[in-house]
Amino acid sequence: MSAQLRITWMGILFLGIGLLIIVRLVFFQVVQHSELKAKAAASHRHQVTVPPRRGDILDRNGQPLAITVMYGLVEIIGPQVKNHELAASQLAPLIGMRPEEILARIDPRNPAPVLIKSGLPAAVVANIQGAEISGVTTRSDHSRHYPEGSLASRVIGLVGTEFHGLGGIEHYYDDELAGIAGLLDTELDSAQQEIILGRKIRVPAQDGADIVLTIDRYTQRTAERLLADAVASNKSTGGSIIIMEPSTGGVLASATLPTYDLNDERRFRPETTALFKSSEVADQYEPGSVLKVLTMAAGLEDGVVNPQSTVNDTGLVTLNGVAVRNWNLVGNGIINMTEVLIHSSNIGAQYVASRLGPDRFYDYFTRFGFGKLTGVDLPGEIPGMVRTNRTSDWNKLDLITNSFGQGIAVTSMQVVTAMSAIANDGLRMRPRLVREIRTPNGVQTIPPEPVEQVISPRTAQTLRGMMVHVLEQKALEQWRLPGYHAAGKTGTADYATIAGYKTGKTFASVVALAPAEAPRFAILIRLDAPEAIYGGRVAVPVLAELLPALYTYYRVPPSEAIPGGQ
Amino acid sequence: MAVVIVTSPIPRRWAPIALPVLHLPAGIVQLAPFVLALLLYPAFFLSVTSEAVTTGSSVEKLRLERDNWRHQNRQLEFELSKLQSLAWVENEAVKRLGMRPSRPAIYMSMDRPPPASDRLLPRSLARHESTQRNPLLVTETGVEISTVPSIPGQRP
């Protein structure tokens, strides 16, 4: 082979190798460019999520009911600790632990951070950082705290371990409260240390909004205390008190028993999960005679009766062979409409409903808000169950029983909202629990929202006058507060079960509008399965204690001179 | 005989110093500033980088400190709200100060027998008689508290 040929072959060989290298380079740098670039970036990219602060929940006066606090925690990365004994002895006095306890947790083979202590105040964290102990790191951790203890726990709700609301306001306003997480995007070197001159993108977290409730903590606490006393003294299984501001629909207090303790670390138990729902809107019951007020409102508004209209209450009516009696099984004779309410006459109530007819009767009930959602800002609301003449399973007996609050299932919130409409001169407001949302960008005020003028102001005033006689009747005289008039109606309804009503248990309740002349409070007090079964016996005494407290706190003057008073 | 020789000052002349002239190629002379800049650039880069790193570190420390203060502020706010909570206030009032939950006071009007004669009393004391019809405040414990100031020498 001649030299010229050898050179040619060598040239071809080198050219081939060169081409191979070029092809490979093109493959890496063009074809696989994106993939390899992403891989390279991922190998030294370090992203840290910056958690936002969850917003606070405040009462109507700005007192915190739920607050998020950042507490520090200290961890040790075993392999990074140079001198175990020295590190333990330096750290121990700063966090109030014994050095032996810390030494026991240092594992030189475990590269993962080991928690030494959490819940550390910021000052302690700063001291630890200042000590610059090798292998010791600190970071902050959110925790939810409740300065008022378990006050209004079933309204506030709770957050889970992932810091999302699981019930109540925490769940309903989770998006507003949660905020938006931030991001810290940096680059690490091969030793997993941050490259100072590398890329550093900082997207700050947006803190959650603060929610201002319509609830007043003093009113709430008073309601909870009275309810707890009443439940205990009447050996009830539970109960609720809701106090609403009729002119705005704002809930001033909503106490429910049984409840749970927000500060109890063991609250996530199977037996307590049923308590996480908002009972005011998620549980339904038969209200009983308190609904006679609404039957009467419909009758007065429609003009089929007036306060002086009379009915012959024989104590019994029969429809299709079914006998309907008064609660005490006796007749009241010829009585007027005010006396129908005073004696809580079932016969009188069915008389009004019969005069109205099913179309108009159910029209009024629907307009008062039964059978549909109230729209209150609580999760899990149900519409209740109202059979009307437009539904297939309705019969004429339903009209009679519905007129005195039986055969119908409602929520506590529906009852107090309907009563608020009477207090608010017939205008029904949407019930609400939140009056303000304070975001970092400004304050969003949630205005009161009128829903419907159900009855005229004149009818509402007439009805309130009739209801005053109910609470001022002889049988309840001992509970009357001198100087003030309150309008109200008691109710006693049997527990409805699949087997029927013969359980021997009742829902004993009273609704009240106070003061009757210009109501500032619409109140529902309900006790579940009390020993003394009647609303007049168990719920009215609670009202008699609640009203003076409200009048004093809200500075409601008496409407007339207190007899014997100064 | 004295001879005065007047001399006029001789003007001093500065002879120009002949500096050696480097006859460098024109290209090198033109490149010199670039070379100098190239030599200074690493020092300048290091200086700026060092400054940036130091400032960045200070900013990080300040940011950390600010966060710590914020956290501390929140913790104090929480402590404050706990101390203002109704439960705490009530607990302190009952356990530490020995107070009791308030109950409505019962006011009773009680007529007292009129005084025998104002003339028997000094004028300064007689004016108290007009307040004798004030009610007694009966507390829940049944203790009667008279709103009438007691008068020395008179039976309460």
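1. Let's start with the salt bridges between the two chains. In this predicted model, the rule finds three salt bridges across the interface of chain A and chain B. One pair to look at is A:R202 with B:E60, where the closest N and O atoms are 2.7 Å apart. For context, a search of the whole structure gives 34 salt bridges over all chains. A:R202 sits in strand β7 of chain A and B:E60 in helix α1 (residues 26–83) of chain B, so this pair joins two chains.

2. Between chain A and chain B, eight residue pairs are in polar contact, counting pairs with both residues at pLDDT 80 or more. Which elements of chain A supply at least two residues each to the side that touches chain B? They are β3 (64–76), α5 (122–131), β5 (136–145), β7 (200–203) and α9 (217–233). The largest share of that side comes from β3(A), with six residues. Sorted by class, the side of chain A that touches chain B has 16 nonpolar, seven polar and eight charged residues.

3. Now for the extent of the interface. On the chain A side, 31 residues are in contact with 22 residues of chain B. The area buried between the two chains is about 2,300 Å², and carbon and sulfur atoms give 54% of that area. In chain A, the residues that lose the most area to chain B are A:A122, A:P147 and A:R221, together 21% of what that side buries.

4. Please have a look at helix α13 (residues 346–367) of chain A. The helix has 22 residues, yet its end C-alpha atoms are only 22 Å apart, whereas a straight helix would reach 32 Å at 1.5 Å a residue. Where does α13(A) bend, and by how much? The bend is at A:G357 and amounts to about 110°, with a proline, A:P358, following within four residues.

5. At the N-terminal end, A:S345 caps α13(A), with a side-chain oxygen 3.4 Å from the backbone nitrogen of A:I347. After α13(A) comes A:G369, whose phi is positive, near 110°.

6. Some backbone details deserve a check by eye. As background, most residues other than glycine have a negative phi, and most peptide bonds are trans. The peptide bond from A:L257 to A:P258 is cis, with omega near 0°, and A:P258 lies in the loop between β10 (250–257) and α10 (279–282) of chain A. A cis peptide bond also joins A:A514 and A:P515, with omega about -15°. Here the proline, A:P515, lies in the loop between β22 (506–514) and β23 (521–528) of chain A.

7. One last backbone point concerns a lysine. Is the phi of A:K235 positive or negative? Phi of A:K235 is positive, near 50°, in a residue other than glycine. A:K235 belongs to the loop between α9 and β9 (238–245) of chain A.

Terms used. Residues are numbered from 1 along each chain as its sequence is written. Chains are lettered from A and ligands numbered from 1 in the order in which they are written. This is a predicted model: local features need pLDDT of at least 70, side-chain atom pairs count only at pLDDT 80 or more; totals for chains, interfaces and linings use all residues. Side-chain values use heavy atoms; hydrogens and water are left out. The expected span of a helix is 1.5 Å times one less than its number of residues. The bend at a residue is the angle between axes fitted to the seven residues ending there and the seven starting there. A polar contact is a pair of N or O atoms within 3.5 Å; within protein, one must be able to donate a hydrogen and the other to accept it, and residues adjacent in sequence count only if both atoms are side-chain atoms. Contact means heavy atoms within 4.5 Å. Buried area is the accessible area (1.4 Å probe) that two parts lose on being put together, summed over both. A salt bridge is a side-chain nitrogen of Lys or Arg within 4 Å of a carboxyl oxygen of Asp or Glu. Ala, Val, Leu, Ile, Met, Phe, Trp, Tyr, Cys and Pro count as nonpolar, Asp, Glu, Lys and Arg as charged, and the others, Gly among them, as polar.
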